[in-house]
Amino acid sequence: MTPPTAPGAAVPPRTAPGGAVRALARAEAGRLLRHPALLAALALYAATWAPDLAAGDAAHRFPVLQDESWAVHRPLLLLAAGALLAANQAALRSHRDGTEPLYGVLAVGRFRRVRAHLLSLLPAVLLAAALTAARAGYLAARPGAVGEFGGWDLLAGPLCVLLAGVTGVLLAVLATSGAVAPTAVVGLGVLTFAGALDGDASWRWLGLLAFEDENAAPLPTALTGRPAAAHAGWLAALAVLLAAAAVLRAGGRGAGLRAVAAVAGAGVLVTGVVQTRGVPSAVAVRRAAFTDHPAAHQDCTVENGVAYCAFAGFDRWKQEWRQVAEGVLRRVPQDVAGAGYTVRQRVLPSADANGGTALPASWSRDDAAAGTPGAVTVGTDWSDGSAAGDRRSDAVAEFAAGFAYRVVTGEVPERPGLSMVCGSRAVLVLWLAGSATPGTGEALRSTRDRTFGGAISMPLLGSSAGVAFEPRAAELAFALLERDGERDGGRDGGRLAAAVGAGWAELSARGTTVDRAAELLGVPAPRADEAGSGVAGC
């Protein structure tokens, strides 16, 4: 019973339940942002940036933004885990402290306190959005960035933090044990990790984030086919559904709340079905068209007699390809350098890591129809060559060797298997490719260091086609690169270039041996037992 008010005494203002909920939410939001679990997650998030920044961020100098749209959220899973733990601990505080019975005398009942805990998640979600924007802005500002971010994909990270925090509050309503939340974090982590292992599975979209196959080359924006809008809708609808369930379980009432839960449940079902339907048929048709007939979907730029053709969004890399191409051509006779060449970007979405995919037979016909026969293939990966050992570094080595192979032999790899390059031709191709730029030299060395048996193989875009070089020729080529004065500051670079120019006809002829190449270049030939001999195809 409320005690009577003395005559003339001021009547204290009565706080409306809505205002009390907002005041409690503000207080809980501050506590949430200072919670050790969230602070530890932020520290770990920052630590994921530190190695890249300390090393000059070699892995992200040439980001493909449509791929980064989903990859940028991987560290945010740490923040999501921190939000789940922190929100759960905050909602369980009254149980831990034994003060839950005392809350019964307050106007803010349990379901209103649950609402306050749910509202307190918003600053953490805004923090996740700010971190996403900062990372996206950093990547987009890189000089070698190509493509474009997907707006719906960028929403996924902050929505994951929201969903994780709501899950933490719901678990606190359902169970007062402090062990439930860590178990949920492990379970969500296992689900997300399992989805990352199978980048083609449609069910992976039912996890927090849907990763793509990191061994696959990026695709142009028009070919990605990610149901990012449906996934963002699914995360948002699921967060609303779980929030409504938490309030209802805590004693909330009202037709409006039940209607919200019903609409959110319907949204979860609809978006869940939409996001797991697989690649849309229109995207599959575009992928086939871009793969089989790339010339019709590209813009070409001619620089010093070489045409560079790229898909939309990749034009910025033409200058990078040009540096490699001109680095190769500056070491060859003028009539060879001026013969006219074309660099054409291609995609092979069906390529696999084991190199079991054949090149489309339509490529040669497509090049001929476009007036660019014998176009040199370049993919959708790139780096400066210093990120040794990764897929981007291999792409640099692959393109440099492919362009040099075209210059030396006048051919491009087309047959199903690897084209074995033998004798002097192999020496010439590898030397030209490795001396084109400092980056191509580093990339080729990385390829060699990961090769067993001496022979160097370079599959084209992960297919079964490509080029391979016999061991003795590779040994001599890398010995020449060590003597290359233009790269290493020695005195042999000019002499080697002159020797190559003088002996080009014989050095580039089919059948000229490694020993004869060493004789023409004035260097000792490698011993057969040091580099291997008797390679099939030579």
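**View 1. Trp 382 and Phe 399, two buried aromatic residues.** Both Trp 382 and Phe 399 are buried, where buried stands for a relative accessible area under 20%, exposed for over 50% and partly exposed for values in between, with a 1.4 Å probe and protein chains only. This is a predicted model, in which local features need pLDDT of at least 70 and side-chain atom pairs count only at pLDDT 80 or more, while totals for chains, interfaces and linings use all residues. Residues are numbered from 1 along each chain as its sequence is written, and side-chain values use heavy atoms, with hydrogens and water left out.

**View 2. The aromatic cluster of Tyr 341, Trp 382, Phe 399 and Phe 403**. Rings of Phe, Tyr and Trp (its six-membered ring) count as a pair if their centres lie within 6.5 Å, and the pair is called stacked if the planes are under 30 degrees apart, edge-to-face if over 60 and tilted for the rest; by this rule there are seven aromatic pairs. The ring centres of Tyr 341 and Phe 403 are 5.6 Å apart and their planes stand at 55 degrees, so this pair is tilted. It links distant parts of the chain, since Tyr 341 belongs to strand β3 (residues 341-345) and Phe 403 to helix α16 (residues 391-409), 62 residues apart; helices (H or I, at least four residues) and strands (E, at least two) are DSSP runs numbered from the N terminus. Tyr 341 and Phe 403 are both buried. Trp 382 and Phe 399 form an edge-to-face pair, with 5.9 Å from centre to centre and 65 degrees between the planes.

**View 3. Arginines over aromatic rings, at Trp 363** **and Phe 478**. A charge sits over a ring if NZ of Lys or CZ of Arg is within 6 Å of the ring centre and within 35 degrees of the ring normal. Arg 346 lies over the face of Trp 363, at 4.6 Å from the ring centre, and Arg 448 lies over the face of Phe 478, at 4.5 Å from the ring centre.

**View 4. Thr 192 in helix α9**. This helix covers residues 180-197, and Thr 192 is buried because its relative accessible area is 7%. Leaving aside residues up to four places away in sequence, Thr 192 touches Leu 77, Leu 208, Leu 209 and Phe 211, where a contact means heavy atoms within 4.5 Å.

**View 5. Trp 203 in the loop between α9 and α10 (228-249)**. Trp 203 has a relative accessible area of 37%, so this residue is partly exposed.
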